[in-house]
Amino acid sequence: MRQKINDDSQLPWVEKYRPQRLEDLVAHENIINIITNLIDNDNLPHLLLYGPPGTGKTSTIVAAAKRMYGASKYNSMTLELNASDARGINVVRNEIKEFAGTKQLFSKGIKLIILDEADAMTNDAQFALRRVIEKYTKNARFCLICNYVSKIIPALQSRCTRFRFAPLLPDQIRGRLEEVAKEEKVPLTEDGVEAILDLSCGDMRRVLNLLQSTAMSNLPSTSTSTSTDMEIDGDEKTTTTTIPVDETAVYLTSGSPLPKDIDIILSSLLNDTFRDSNTKICNLCSTKGYALVDVLQLLTLKLCTMTGLDSIPLGKLLDGMSQVECRLATNGTEEKIQTASLVGIFIETRQLMEM
Ligand SMILES: Nc1ncnc2c1ncn2[C@@H]1O[C@H](COP(=O)(O)OP(=O)(O)O)[C@@H](O)[C@H]1O
Ligand SMILES: [Mg+2]
């Protein structure tokens, strides 16, 4: 046998580091406390967890279920369904009926049914689900999970206790990120941390995926480098990365434009002639492989925080840029023409400011 890989080592880090206990979740302390109390008092209502992706909704309910049932009974007492499943509400209804309707021979207790992506259900399906929930309330608790609470019909909302999962704060992410990097022996620099925080927008799944993909793409090749030690010796497997995960590496991996390139683009848009600016931006985008839509997004953020730009020209620029973005979202647009259009908007606004 050349190599022994334990189960964990092949898991993506988002799964490997999924919090197993409620105490392990690094944010939403209030929600965790309330849910813990409800469980400990045997008083769990139907739940509706909502908020953007990667904020710990699934992790919270899975950890809560493990607290309620213990690892041994977790599987027999919990049913996880994807509510948006194309097979429709009838299948969901049948699975729920089968699960909630079967009595446990030796263990009592209320079962838990987790319905992920509930906001992708049609209104009809949601009305049907309302009846299902009513019917099985004696034997089961339901936990609906979704991104957009407004897409859940009021009749369902009112049957659940709602909890909103906000994007994680940088300080909450930072600790966890550094912990994982240490555990995986990834040399993570301070500007690397900042880059991951900037790009992930409070989504912990993106944080871990970005860390892992950057660390992987940074691994020096074993055949050419002496600095990587991938010695497989009996049961031991050591992997040491010596190339640091820094700002440049993170941005390159994510495909997102580097902040310094955005500075170059903005400076050119504000100072160069039409022709120079257009050529510079086209060249930069094609050599670095940037998508214009990513450039636009970062330019917008930059412009909004820039001092010294009056509201009227700023509004004009943002309006023009939003139109370029809208056109880019339509199939069949040509990036080069849209780049020229972006430059044109800046030139026009600059002329107005000089008048
Ligand atoms: N609050 C948190 N504390 C620690 N890790 C988290 C937290 N939220 C998310 N994660 C990480 O992100 C991954 C995705 O979280 P998940 O619970 O599936 O998010 P959601 O269901 O909100 O999209 C988890 O595997 C975990 O590694
Ligand atoms: Mg989820």
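The following legends describe close-up views of a predicted model.

**View 1. The second largest pocket and its lining.** The space within the second largest pocket amounts to about 590 Å³. Its lining is made up of 18 residues, of which Asp198, Leu199, Ser256, Leu298 and Leu301 are the closest to the centre of the pocket. By residue class, the lining comprises nine nonpolar, five polar and four charged residues.

**View 2. Helices and domains around the second largest pocket.** At least two lining residues are supplied by each of the helices α8 (190–200), α9 (204–217), α10 (247–254), α11 (259–271) and α13 (292–305). Helix α13 provides the largest share of the lining, namely six residues. Both domain 2 (170–254) and domain 3 (259–354) are represented, each with at least three residues in the lining of this pocket.

**View 3. The largest nonpolar core.** In soluble globular proteins, nonpolar side chains tend to be buried together. The largest nonpolar core in this model has 50 residues, and Leu211 and Leu299 are those with the most contacts inside it. Helix α9 contributes the largest share of this core, six residues. The core takes at least three residues from domain 2 (170–254) and at least three from domain 3 (259–354).

**View 4. Cysteines without a disulfide partner.** A disulfide is a covalent bond between the sulfur atoms of two cysteines. The criterion applied here is a pair of cysteine sulfur atoms within 2.5 Å, and by this rule the count of disulfides is zero. Cys160 is buried, its relative accessible area being 10%. Cys282 also counts as buried, at 16% relative accessibility.

**View 5. His28, a residue other than glycine with positive phi.** The phi angle of His28 is near 55 degrees, a positive value in a residue that is not glycine. His28 is situated in the loop that lies between α1 (13–16) and α2 (29–40). With a relative accessible area of 14%, His28 is classed as buried, because the limit for a buried residue is under 20%.

**View 6. Asp42, a positive phi in an exposed loop residue.** Asp42 is not a glycine, yet its phi is positive, at about 55 degrees. The residue belongs to the loop between α2 and β1 (47–50). Its relative accessibility is 74%, and Asp42 therefore counts as exposed, the threshold being over 50%.

**View 7. Ala63 and Leu25, a pair separated along the chain.** Ala63 forms part of helix α3, which spans residues 57–77. It is a buried residue, with a relative accessibility of 2%. Although Ala63 and Leu25 are 38 residues apart along the chain, the separation of their C-alpha atoms is 9.1 Å.

View 8. Ala195 is a residue of helix α8, one of the helices that supply at least two residues to the lining of the second largest pocket. Ala195 is buried, and its relative accessible area is 2%. Between the C-alpha atoms of Ala195 and Ala249 the distance is 9.4 Å, while 54 residues separate the two along the chain.

View 9. Glu325 has its place in helix α14, residues 311–328. At a relative accessible area of 42%, Glu325 is partly exposed, since that class covers values between the buried limit of under 20% and the exposed limit of over 50%. The C-alpha atom of Glu325 lies 7.2 Å from that of Leu296, and the two residues are 29 positions apart along the chain.

Terms used:
Residues numbered from 1 in each chain as written. Chains lettered and ligands numbered in written order. Predicted model: local features only at pLDDT ≥ 70, side-chain atom pairs only at ≥ 80, totals over all residues. Heavy atoms only, no water. 1 Å grid on protein atoms, 1.4 Å probe; cavity = no way out; pocket = protein on both sides within 12 Å on 5 of 7 lines; lining within 4 Å. Points joined across faces, edges and corners; volume = space filled by probe spheres on them. Helix = DSSP H or I, 4+ residues; strand = E, 2+ residues; numbered from the N terminus. Nonpolar A, V, L, I, M, F, W, Y, C, P; charged D, E, K, R; others polar. Domains from an automatic or database assignment. Buried < 20%, exposed > 50% of the residue type's maximum accessible area, 1.4 Å probe, protein only. Core = buried A, V, L, I, M, F, W, Y, C linked by side-chain atoms within 4.5 Å.
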